[in-house]
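This briefing is written for a reader with the sequence and the coordinates at hand.

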There are 2 protein chains.
Amino acid sequence: MGKRKIKTERRPEILDAALAIAAERGLDAVSMRTVAERVGVTPMALYGYFEGKDALLDALVGLLLSDLPAPDPSAPWEERLELIANGARDTARRHPAVFPLLFSRPSVTPAAVLVVDLLYQALLDAGVPEAHVPRVERLVSTFVLGFAVSEAGGRFSAGSADARSRRGGPEPGHLPAHHRLAAHLDAAVDWDAEFRADLEDLMWTIKAAAARGTG
Amino acid sequence: MGKRKIKTERRPEILDAALAIAAERGLDAVSMRTVAERVGVTPMALYGYFEGKDALLDALVGLLLSDLPAPDPSAPWEERLELIANGARDTARRHPAVFPLLFSRPSVTPAAVLVVDLLYQALLDAGVPEAHVPRVERLVSTFVLGFAVSEAGGRFSAGSADARSRRGGPEPGHLPAHHRLAAHLDAAVDWDAEFRADLEDLMWTIKAAAARGTG
DNA sequence: ACCTGAACACCGTTCAAGT
DNA sequence: ACCTGAACACCGTTCAAGT
């Protein structure tokens with residue numbers, strides 16, 4: 001295999017540069033050339049620290065994951081789960097351009113497995129039967145990731161902006177439910193409250209799974 | 001504004017070409033140049049049909065959305081919701097390379113609003129209070145989209161592949177929950193069954209929201 | 001040991017022109 | 001009305017060389 005030896009000393013510096021460019025000019029502006037320029041080096045020098053652009057982006061999602069809060073293991077499982085969920089959402093809002101990579105780049109980094117282990121433990125402590133824990137973990141993390149990506153990427157707000165602009169649109173009769181909900185669609189959404197409510201619903205699902213196991 | 005007039009006749013042909021290239025060589029291989037070549041035309045000819053590459057990709061997600069099944073309005077709300085959810089998952093598996101665009105490109109196409117309206121209607125018929133319908137719709141669609149993207153994009157299987165390869169890894173003591181769940185992590189996952197179970201859990205959440213409203 | 005320079009095969013897009 | 005050709009400012013990456 002053609003793997004050259006990979007240096008590590010300047011990796012944090014390089015990743016910071018990539019993060020800064022993504023924040024300022026979007027993910028598409030993150031190129032080997034722009035990152036290199038910001039670090040003050042030739043594009044080819046980056047290949048001493050990462051095997052290529054893909055590896056650099058993978059390291060970026062690893063960085064985001066290692067930023068998640070580590071809950072106190074002695075806290076109640078609900079608190080631990082909420083801390084991680086809120087941490088993921090915070091990270092998404094701090095790095096809206098980079099966060100969507102979590103969906104497209106299956107992260108197998110130690111940091112990722114650690115988070116999954118914390119979620120497994122919370123679900124076990126909640127009383128979810130062992131056979132169901134992996135599924136419920138995927139259910140929870142898929143939703144939390146999806147919410148964070150949607151909020152940070154504007155998928156949610158785009159929908160409501162459309163709802164606003166559609167008032168008196170060409171064919172109002174074809175969207176009966178929108179029409180009936182018009183009052184609620186025009187209102188500004190409190191995303192903090194929505195995420196809290198969603199987490200509460202998820203907690204119910206978890207408790208139901210636990211009850212089914214012990215019942 | 002510099003909008004030239006946009007032709008429409010050959011748009012389906014162009015989108016089909018883009019879909020075919022994505023299926024054969026991945027989304028990154030979809031370029032104005034490769035698509036044009038497949039259509040048998042110069043790259044610049046595409047600009048007569050789409051304002052640019054972004055517009056072409058937006059049209060691609062519009063195409064995927066219009067592929068979703070339209071449920072019989074007289075069917076029970078559970079059936080309608082399941083039909084749309086399963087349809088989304090089917091579409092993701094038919095177009096795994098393109099489907100993730102649904103997360104990154106807030107689609108405001110008529111097809112997208114139509115699907116949202118059908119979901120609103122199902123939730124209203126389930127008895128969810130009007131004030132909660134938009135939130136629960138986002139909850140449901142975020143999860144369904146997230147599951148479909150994760151499954152199609154390999155996020156789920158990457159995790160389990162890692163779980164397999166980690167047996168006897170360097171630091172087994174640091175992942176206690178993984179260790180305890182080892183038997184279940186090694187087993188092959190039936191994704192059809194998992195999605196069914198997840199939808200059942202979502203239905204419970206919806207019914208709970210409805211009961212809270214009427215109670 | 002670490003970095004540079006030139007080169008290759010690509011991109012999206014503008015502008016002016018062809019039929 | 002529809003398409004082409006040349007050009008511009010970009011990409012990721014290889015290879016050979018510099019200090």
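Does Thr91(A) count as buried or exposed? Thr91(A) counts as buried, because its relative accessibility is 1%, below the 20% cut-off for that class. The model is predicted, and the points below are grouped by topic.

**Thr91(A) and its surroundings**
- Thr91(A) belongs to helix 4 of chain A, which covers residues 77-94.
- Apart from neighbours within four places in sequence, Thr91(A) is in contact with Leu64(A), Leu68(A) and Phe99(A).

**How the two chains are related**

**DNA strand C**
- DNA strand C is surrounded by 16 residues, and the closest are Arg10(A), Thr42(A) and Tyr49(A) from chain A together with Arg33(B) and Met44(B) from chain B.
- Of the atoms of DNA strand C that come within 4 Å of the protein, 57% belong to sugar and phosphate.
- Tyr49(A) places a polar side-chain atom 2.8 Å from a phosphate oxygen of DNA strand C.
- From chain B, the side chain of Tyr47(B) has an N or O atom 2.9 Å from a phosphate oxygen of DNA strand C.
- Helix 2 of chain B (residues 32-39) gives the most to the surface near DNA strand C, with three residues.
- By class, that surface holds seven nonpolar, four polar and five charged residues.

**DNA strand D**
- DNA strand D is also surrounded by 16 residues, and here the closest are Arg33(A), Met44(A), Arg10(B), Thr42(B) and Tyr49(B).
- Sugar and phosphate make up 58% of the atoms of DNA strand D that come within 4 Å of the protein.
- Met32(A) has a polar backbone atom 2.9 Å from a phosphate oxygen of DNA strand D.
- Ser31(A) has a side-chain N or O atom 3.3 Å from a phosphate oxygen of DNA strand D.
- A polar side-chain atom of Tyr47(A) is 2.9 Å from a phosphate oxygen of DNA strand D.
- Helix 2 of chain A (residues 32-39) gives the most to the surface near DNA strand D, with three residues.
- The residues of that surface comprise seven nonpolar, four polar and five charged.

**Helix 4 of chain B**
- Helix 4 of chain B runs over residues 77-94, and its 18 residues reach 26 Å from first C-alpha to last, close to the 26 Å expected at 1.5 Å a residue.
- Its buried residues include Trp77(B), Leu81(B), Ile84(B), Ala88(B) and Thr91(B), as well as the arginines Arg80(B) and Arg89(B).
- The buried residues of this helix pack against helix 3 (53-66), helix 6 (110-126), helix 7 (133-153) and helix 11 (191-214) of chain B.

**Arg105(B)**
- Arg105(B) is in the loop between helix 5 (101-104) and helix 6 of chain B.
- Arg105(B) is buried, with a relative accessible area of 18%.
- A polar side-chain atom of Arg105(B) is 3.4 Å from the backbone oxygen of Asp54(B).
- Leaving out residues up to four places away in sequence, Arg105(B) touches Asp54(B), Leu57(B), Asp58(B) and Val61(B).

Notes: Residues numbered from 1 in each chain as written. Chains lettered and ligands numbered in written order. Predicted model: local features only at pLDDT ≥ 70, side-chain atom pairs only at ≥ 80, totals over all residues. Heavy atoms only, no water. Helix = DSSP H or I, 4+ residues; strand = E, 2+ residues; numbered from the N terminus. Expected span 1.5 Å × (residues − 1). Buried < 20%, exposed > 50% of the residue type's maximum accessible area, 1.4 Å probe, protein only. Contact = heavy atoms within 4.5 Å. Near = heavy atom within 4 Å. Polar contact = N/O pair within 3.5 Å; in protein donor to acceptor, adjacent residues only side chain to side chain. Nonpolar A, V, L, I, M, F, W, Y, C, P; charged D, E, K, R; others polar.
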